[in-house]
Each structure stands twice: as structure tokens, then as C-alpha cells.
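Welcome! Let us walk through a protein structure together, step by step.

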Amino acid sequence: NRRLVETGLRLFDLVVLLAAWPVAHLALSWRNGTPGFFSFEHDALELAVIVLAWLGASWLTRVYDVYRTRPIATEIWRMVHSLLLTGVAAATTGFIDGTPKRALVTSFLGIALVFLLASRLLLRLSARVARRRGFNTRYFAVVGSGELAEDVVETVGSHAEWGYAFAGYVLEDDVPSLTCDEPVLGRLRELGSILENQVIDE
């Protein structure tokens, strides 16, 4: 499921980037008051470089990491970093065909950034709303007991937008049973059977 979502997101981002290039052409032409010119055949090199550069840069900067419990600023910074590397790669095509592309690449970066940020904000908002309503829920267990274990449960439980539900405690073998009403899945020595019989994601 996670790989399917990641692959879909990669493809969506590539479509956004490829769409941003002709839009950048049009924006630059409108600003300069000149007729715009774009064709996939004429710009095939730039489009290929953009795709390959984004795939490599997004892998290096870990754009498609898991952000369920991380602030959106982390994801945005990685996207910006990856986009800048992609822009540098696209600009180098000017040395190959002898056509300066600084203004075009600058326009492309601005448009692509707006498109990518808008898509991420919409995705984050949709995911938060869905998780608060009980969709895409992941179940977690806590090994141990005491104040530290209770703090973990309380902290995670206070962030409904993360989409986590507490399954129960897994107690150490040498500690007494809990006196509270919190669910207990079993003992540490029973961890194998607990994982087989319970739905636990974390």
C-alpha cells in the first residue's frame, strides 16, 4: 500500500513538472510580449533531463519519505532542494544546444514550486481530514509500562491527524499486570503470537 501511494505520488509530481515547462514558456512569452513557442519535439532534451534529474534529486533528498508524524516544513524543504537541483540540470541543456535558458528555467522553477506546494498542501489537508474520521488508521503497541509508556500513548493519542490508534501494551515478563483499564496484549515472551494474532502496524 505504501509503495503504491509512493509510486502514484512520483508519477503525479512528474506530470506536474512536465506541465510546468510549457506553462513557463507561455509565461515568459507573455511577459516579453513575444509569441510563445513550445513543442515536445523541440524541448525533448529539456523534458528528459527534468524527469531524470527529479528522479535522482528526489531520491537523494528523500522527498518520498514517510511524513505522517513530521511537520510539513520538512517535506517542503526537501522538495525545494530537489527542485533546485532539477533546475540546475535543466539549465545545463543550454550549453548543449547553445540556447541560454536562465529566464526560462527561473520561470519554470517558480511555476513548478507553486504547483508542487499546492498539491502537497491539498494532499496533507485531505489526509488529516480522513484520519480524523477514522480512515487510513494504523495501530500501534507499546512495549513496557510505567510513566514513559503512558506518555507515549498520550502523546500519540493527542494527534488525531496522525491517524494512529492504540492497540495495547506488551508487558515485560517480570512486571506485574496493570491495574488500569488500558488494553494489554500480552507479555514480551509472547510477542511472536501477538504479532500473528493482532493487527499492529507500529
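Predicted model: local features only at pLDDT ≥ 70, side-chain atom pairs only at ≥ 80, totals over all residues.

In soluble globular proteins, nonpolar side chains tend to be buried together. In this model, the largest nonpolar core has 23 residues. Within that core, the residues with the most contacts are Leu17, Trp21, Trp54, Leu83, Phe108 and Leu116. Which elements give two or more residues to this core? They are helix 1, helix 2, helix 3 and helix 5. Helix 1 provides the largest share, with 8 residues.

Leaving aside residues up to four places away in sequence, Leu116 touches Asp13, Val16, Leu17, Trp54, Met79 and Leu83.

Now let us look at the aromatic rings. A pair of aromatic rings is described by the distance of the centres and the angle of the planes. How many aromatic pairs are counted here? The count comes to 2. One of them joins Trp21 and Phe108 in an edge-to-face arrangement, with 5.4 Å from centre to centre and 65° between the planes. The angle counts as edge-to-face because it is over 60 degrees. Trp21 sits in helix 1 (residues 2-32) and Phe108 in helix 5 (residues 102-132), so this pair ties together parts that are 87 residues apart in sequence. Are these two residues buried or exposed? Trp21 has a relative accessibility of 0% and counts as buried, and Phe108 is buried as well, with a relative accessible area of 0%.

The other pair is made by Phe140 and Tyr164. These rings are also edge-to-face, 6.1 Å apart from centre to centre, with 90° between their planes. Here the partners come from strands: Phe140 is in strand 1 (residues 138-143) and Tyr164 in strand 2 (residues 164-171), so the pair ties together parts that are 24 residues apart in sequence. Phe140 counts as buried at 7% relative accessibility, while Tyr164 counts as partly exposed at 21%. The cut-off explains the two labels, because buried means under 20% relative accessible area.

Next come the charged side chains. Across the whole structure, a search finds 7 salt bridges. One of them is formed by Glu6 and Arg10, whose closest N and O atoms are 3.1 Å apart. Both residues are in helix 1, and because they are 4 residues apart there, about one helical turn separates them. Glu6 is partly exposed, with a relative accessible area of 23%, and Arg10 is partly exposed at 22%.

Another salt bridge links Asp65 and Arg62, with 2.7 Å between the closest N and O atoms. Asp65 is buried, with a relative accessible area of 18%, whereas Arg62 counts as partly exposed at 46%.

Arg120 and Glu75 also meet through their side chains in a salt bridge, at 2.7 Å from N to O. This pair links distant parts of the chain: Arg120 belongs to helix 5 and Glu75 to helix 3 (residues 72-91), 45 residues apart. Where do the two partners sit, buried or exposed? Arg120 is buried, with a relative accessible area of 2%, and Glu75 counts as buried at 6%. The pair is also part of a network, in which salt bridges that share partners join Asp13, Glu75, Arg120 and Arg124.

Val143, Leu188, Leu191 and Leu195 make a nonpolar surface patch of about 330 Å². One of these, Leu195, lies in helix 7 (residues 191-197). Elsewhere, Leu52 is found in helix 2 (residues 44-60). Leu52 is exposed, with a relative accessible area of 60%. In space, the C-alpha atoms of Leu52 and Ala89 are 9.3 Å apart, and in sequence the two residues are 37 residues apart.

Definitions and conventions. Residues numbered from 1 in each chain as written. Heavy atoms only, no water. Phe/Tyr/Trp six-rings, centres within 6.5 Å; stacked < 30°, edge-to-face > 60°. Buried < 20%, exposed > 50% of the residue type's maximum accessible area, 1.4 Å probe, protein only. Patch = residues over 30% accessible without salt bridge, like charges linked within 9 Å, V, L, I, M, F, W, Y side chains within 5 Å. Areas by Shrake-Rupley, 256 points an atom, 1.4 Å probe, with all protein chains shown as cover. Salt bridge = Lys/Arg side-chain N within 4 Å of Asp/Glu carboxyl O. Core = buried A, V, L, I, M, F, W, Y, C linked by side-chain atoms within 4.5 Å. Contact = heavy atoms within 4.5 Å.
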